[in-house]
Amino acid sequence: MITHNPIDTPHVKETGLSVQPGYQHRFRLNIDSSKALPSTRSITPQRRQCLFNNELELLYFRYYTRRNCEMECDSKYFLRRCQCIPYHMPLIYQNASVCHVKDFNCESIAEAEVNDEQHVSCKRECLPGCFNLEYFPTAYRTPLANTSFVFKDKFFGNFTKKEIHEK
């Protein structure tokens, strides 16, 4: 399960919640919504520390969010370092090539050396949005009955009930 701002690209690694077979899950969502007053537009973005939707045009994404801006910075970085963009990142230029298996070493090295000054500078420009919506979920789970339940999905047929409860 993923909770994210609807105008953000979902990141399973950052916002994903695992739902375990054999359990009933409940989630409590705390929502943080912030919105700058329109009158703050007269203050420079660096001083107010947020960007309105039309103040920084992104190359790939239609709507500005800090996460979308940072993803574009990452794409620029990989394109500069490896002459390709990993498949899971925004293809910021139509003529840019997508990384293949042959580019894996470059991608790995680039990820390890992400302190490139241009990349850091690009991400510094990605201020929070002046309208922001964040979800903070808390998960609760209780085991389903220990006996007499059957999964219709064939995927779970390979697991014993004990394995399902332990995973």
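Both cysteine 73 and cysteine 122 are buried, where buried stands for under 20% relative accessible area, exposed for over 50% and partly exposed for what lies in between (1.4 Å probe, protein chains only). The two belong to a predicted model, in which local features need pLDDT of at least 70 and side-chain atom pairs count only at pLDDT 80 or more, while totals for chains, interfaces and linings use all residues. Residues are numbered from 1 along each chain as its sequence is written, and side-chain values use heavy atoms, with hydrogens and water left out.

Cysteine 73 and cysteine 122 are joined by a disulfide, a term applied to a pair of cysteine sulfur atoms within 2.5 Å. This pair links distant parts of the chain, since cysteine 73 lies in helix α3 and cysteine 122 in helix α5, 49 residues apart. By the cut-off given, the protein has five disulfides, and when the bonded cysteines are numbered in sequence order, the pairing reads 1-10, 2-9, 3-8, 4-7, 5-6.

| Disulfide | S to S distance | S-S torsion and hand |
|---|---|---|
| cysteine 69 – cysteine 126 | 2.0 Å | about -70 degrees, left-handed |
| cysteine 73 – cysteine 122 | 2.0 Å | -80 degrees, left-handed |
| cysteine 82 – cysteine 106 | 2.1 Å | -95 degrees, left-handed |

Cysteine 82 counts as buried at 6% relative accessibility, whereas cysteine 106, at 25%, counts as partly exposed. Both cysteine 69 and cysteine 126 are buried.

As for the overall build, the protein has six helices and two strands, which from the N terminus on run α-β-α-α-α-α-β-α; helices (H or I, at least four residues) and strands (E, at least two) are DSSP runs, numbered from the N terminus. Of its 167 residues, 31% count as buried.

Two aromatic pairs are found, the rings of Phe, Tyr and Trp (its six-membered ring) being paired if their centres lie within 6.5 Å, with planes under 30 degrees apart counted as stacked, over 60 as edge-to-face and the rest as tilted. Tyrosine 60 and phenylalanine 61 form an edge-to-face pair, 5.0 Å centre to centre and with 85 degrees between the planes. In the pair of tyrosine 77 and phenylalanine 78, the ring centres are 5.5 Å apart and the planes stand at 70 degrees, so this pair is edge-to-face. Tyrosine 77 counts as buried at 1% relative accessibility, and phenylalanine 78 counts as buried at 4%.
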